[in-house]
Amino acid sequence: MKKSHLKKMTVIAVICTWITLGISGAGVAADTIKLGVAGALSGDLASYGLPILKAAKLVVNDVNAKGGILGKKVEIISEDDMCKPEIATNTATKLVSEGVTVVLGHVCSGATKPALDIYKDAHIIAMSASATSPDLTQSGKYPNFFRTIASDDAQAKLEVNFALDTLKLKKIAVLHDKGDYGKGLAEYAKGFIEKSGKGEVVFFEGVTPGAVDYSAVVNKIKRSGAQAIIFGGYHPEASKIVTQMRKDGMKTVFISDDGVKDDTFIKVAGKYAEGVYATGPKDTSSNPMDKAVREEYKKVYGEDVGVFSINGYAAAQALLNAIQKAGSTNYDAIIKALRTDYVETPLGKIKFDDRGDAVGVGFSMYEVKNGKYVELK
Amino acid sequence: MEYFLELFMGGLIRGSIYALIALGYTMVYGIIELINFAHGEIYMIGAFTALIVASVLAVMGVHQLAILAIAMLAAIVYSSAYGFTVEKIAYKPLRHAPRLSPLISAIGMSIFLQNYVLLAQTSDFLPFPSLIPDFKFLEPYSSILRPTELVILLTTGVVMLLLTLLIKFTKIGKAMRATAQDRTMALLVGVNVNQVISITFVIGSALAAIGGVLIASHIGQINFFIGFIAGIKAFTAAVLGGIGSVPGAVLGSFVLGLTESFATGYVSSDYEDVFAFALLVLILIFRPGGLLGKSSTQKV
Amino acid sequence: MTTFSELKKSFLTALWFMFLTFPIMVIRVNTIDKIVIWRWRNMGYVGVASFFLSLAWRYFLRRKEAGSKRALSRTANSQTLLERISSERRYKIPAMTAAAIGIIMFPFIMNSYQTNIMITALMYVVLGLGLNIVVGLAGLLDLGYVAFYAVGAYTYGLLNHHFGIGFWAVLPLGGALGALFGVLLGFPVLRLRGDYLAIVTLGFGEIIRLILENWNEFSYGPSGIAHIARPSLFGLKLSFFGEIRYLYFLMIGMVLFTIFVVNRLQNSRIGRAWIALREDEIACQAMGIDKTRTKLTAFALGATWAGMVGVIFAAKTTFINPDSFTFLESAMILSIVVLGGMGSILGVVIAALILILLPEYLRAFSDYRMLLFGAIMVIMMVFRPQGIIANVRRSYNFKKVED
């Protein structure tokens, strides 16, 4: 009897979930403009997704306080994709079936690609504040994609020019973390170095994230005689490698990307972080609007803005502004507005080019000085 | 030559860490034939406990060596307690279940513990304080052997020795060997099998905690996911050496650590894991019981 | 008396858990700014929660033990509801009809999101059934099943990307390549048994993933392959929603086909050989069964399904990269097989639906969903170690013919 009880309960549970599903699925479209926000909102990459969502909420509250757009209130629908491509398709389908007009997202390039195919078919515009893969705009396959962050090849170019022209170094080791972002960036860097003819790549390999020890790779770089390392990847690996190098007494210049241009890197690597170079979005803190956003964010959430908060804020503004300018939620009209009308954001006055990249958004080089990232002019 | 030595030492360090975790796998497997997937998480919890205790003590302004001792002790106590509890919750009720059920329970436990630490603490990487003091006499050799590395090697050596003595010469060691050979028979001659299993989990977890603290202070940062990657590698090492065999786990760990180090140094770090797993497959094809595993005779 | 000792036990358990969770739940340190936050309230929550949970835990454990004793003493006809539905004709036909109607109506009642996650769940049903051949029937513990899934996905991804070959042409090819890799893996590991086999298959799975990740010229590395074509339907251009429905019915067809084949296989000569091999390898050889061939067919046939589902996966997400084929994925598929009850087709179907749909429904719990997921896996195993549907052995009952 007991056994069959358990089984009955499983059956009932399955049926119940189906019923609740049916109810939740049959949402009625209210008269609002729906802004979907998608990205990693849980798990280990949540620290990239949540600040964007929080920034978007600020924009929406602001807009709604002023009476909304086209006479309608704006509503945020947020969905988690954990930065995984296969989950991102579910997330995207969910947003589409909930009738969003535009999507702010996704966070990771890998998850953005499959989601965009779905948005494209459903005639929905997506704008990312953090997906930097050059493919997204340069392949020309995603006419519905825009972003408020510059792409990785711009970053790689800056890193290479900095190493070859500013620092006048010749032998470069290129290292990456085998990930989508890191390896892509490393390959662009390698390509630029080889094309420039001013330097040579003496080492090109990937490290396994999370390995217990990186001494073998560090020793190998030392043997290669590299004067500088260009690293593509995120800060946990970067801090481990930098620490191990400096402890071994290596003075090799370390240049990295915006995955490393994060204060956590300095906190974790401590004194070993001094002198590390990293590219990051141009410092806009002199912009009064940027300052206002940072203050508001701190006031509302009790914490400092996250990595991509400002880009997320700008993206939400650009999207809502375009709907306003287009005068409707028509797909083509919004795209046209995004491409022609400038909008005032914390990143400066921006509009978008034909491929979807924001005009006037770029990268600068930063150096760690006295425990802080300082922009190099 | 210096390059070779550097790689060799790097391999030994990796091997020592793998060994401390692999011993837990192999001991548990020897006794109840279970791949304890949650073992990597015990190691992670050890590292986290040490980090928390050390930070609290540092704020209170305790001496560095005292911090090291207390943090290590706390890590050992808590890891053992977690190991003990995990066994009671997830494995003990399954003693007589089909063979694969405890394995799935272990995978579930591993997911649970990871997320428990993620939620209660943070998903970010936390900097781990360097608890091990700098020895001045090592400075000339810093590229080959650093203080933390020396401590790791010494500790691993001492721990192995103690463990061997425990298993060979104490009463509980005898009981463990008896249970590993034949659980029913051990029960018949008056061995408290449940207690032996608990003690095995406690010892294995304590070893993992030592490994956790050492590697965390060597590499300088931890997050909730470190247990998974180290766990898979240590498990591979245990099988490589012959799962169930204590010296086998140690040998397997060093073989694996050195292979990875040399593969990175002389070939490419892109394929270091491929080399590690390919080695495993090759060794098992030619020695299906692992390097030091018992050549199991099939019982009919 | 018993209640008092019960309460005391629970109280002690609560104390134990309060001690256990103390550093991780209560103390939160900010190592950079040297601030320590004490969250004593958490300790209270842990104490109260573990007190009641331990009461419930021991209550259900006792019931389970009592239940299993009673089951032993009773005869074999103590079938459970689901087993009865699946075995007795009287219940089977109405149940099947209802299920069929539900399945056909599903994509029209539910929105595209529900349909989409259902497609994912159905994919795992087929994966589970495929792995069931290897693990459940032949008793070979395979922790690298995801490798064959990856083979299928990349077969379609690469062929479509380079040569524009369509879904329907690649589907059987993906299956065939999966089978080929199954044999490739099967040959060297024939000698291994039990958990040695498990670790070698795990290693094999990792090797495949690492190669895909590092060999850029071949697989485009971690950036993966994008714009893979969705399945075509006689050259018709479908709307987005139409395509989801189409994929749904395709998957339903696939599941039915798999169930049919696996069911036939189970009762065939080779299926009986697998079960014999699982039960006793030596006795099986003594009976004259070719061990090598039997094991290899198990690997090959199991891998075939993974290869085919891989093709469907690539077509569904339109983007693949090596991150989708990690060890965790293998563990998930294995959990489906064990949770469902090894060797039981209906069990695997139900387990796949539960395990894949559960995290989606738990979205409401957002942060806690993986925590709950892990806990549910442990609880299911502790209280139902034989799986949702225990595999009923085929038995012949001879009844005396009365004359």
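How many Å apart do the C-alpha centres of domain 1 of chain A and domain 2 of chain A lie? I find 31 Å between these two centres.

**Conventions.** I am working on a predicted model, in which local features need pLDDT of at least 70 and side-chain atom pairs count only at pLDDT 80 or more, while totals for chains, interfaces and linings use all residues. Residues are numbered from 1 along each chain as its sequence is written, and chains are lettered from A and ligands numbered from 1 in the order in which they are written.

**Domains of chain A.** I took the bounds from an automatic or database domain assignment, which divides chain A into domain 1 (32-149 + 286-361) and domain 2 (153-275). I then looked up the contact between them, counting two residues as in contact if their C-beta atoms, placed from the backbone, lie within 7 Å. Here 6 residues of domain 1 of chain A meet 5 residues of domain 2 of chain A. The domain 1 side of that contact has 2 nonpolar, 4 polar and no charged residues, where Ala, Val, Leu, Ile, Met, Phe, Trp, Tyr, Cys and Pro count as nonpolar, Asp, Glu, Lys and Arg as charged, and the others, Gly among them, as polar.

**Strand 8 of chain A.** Helices (H or I, at least four residues) and strands (E, at least two) are DSSP runs, numbered from the N terminus. I call a residue buried if 20 or more other C-beta atoms lie within 10 Å of its own, exposed if 12 or fewer, and partly exposed in between, with C-beta atoms placed from the backbone. In strand 8 (residues 228-232) of chain A, 5 of the 5 residues are buried, so this strand is largely enclosed by the rest of the structure.

**Helix 13 of chain A.** I find I334(A), A337(A) and L338(A) as the buried residues of helix 13 (residues 331-340) of chain A. Seen down the helix axis, they fall within an arc of 100°, so they line one face of helix 13 of chain A; the arc is that of the directions from the helix axis to the C-beta atoms. An α-helix has 3.6 residues a turn, so residues three or four places apart point the same way. On the other side of helix 13 of chain A, D332(A) and T340(A) are exposed. Among the elements that cover the buried residues are strand 3 (102-104), strand 4 (125-128), strand 5 (145-147) and helix 12 (309-326) of chain A.

**Chain contacts.** I count 28 residues of chain A in contact with 30 residues of chain B. Helix 8 of chain A gives the largest share of the chain A side, 6 residues, and this side has 7 nonpolar, 12 polar and 9 charged residues.

For chains B and C, the contact takes 52 residues from chain B and 45 residues from chain C. Helix 4 of chain B gives the most to the chain B side, with 13 residues, and the chain B side divides into 40 nonpolar, 10 polar and 2 charged residues.

**Backbone notes.** Most residues other than glycine have a negative phi, and most peptide bonds are trans. I noted a cis peptide bond from G105(A) to H106(A), with omega near -5°, and H106(A) lies in the loop between strand 3 and helix 4 (109-121) of chain A. Phi of E33(B) is positive, near 55°, and E33(B) sits in the loop between helix 1 (2-32) and helix 2 of chain B. With 15 other C-beta atoms within 10 Å, E33(B) is partly exposed.
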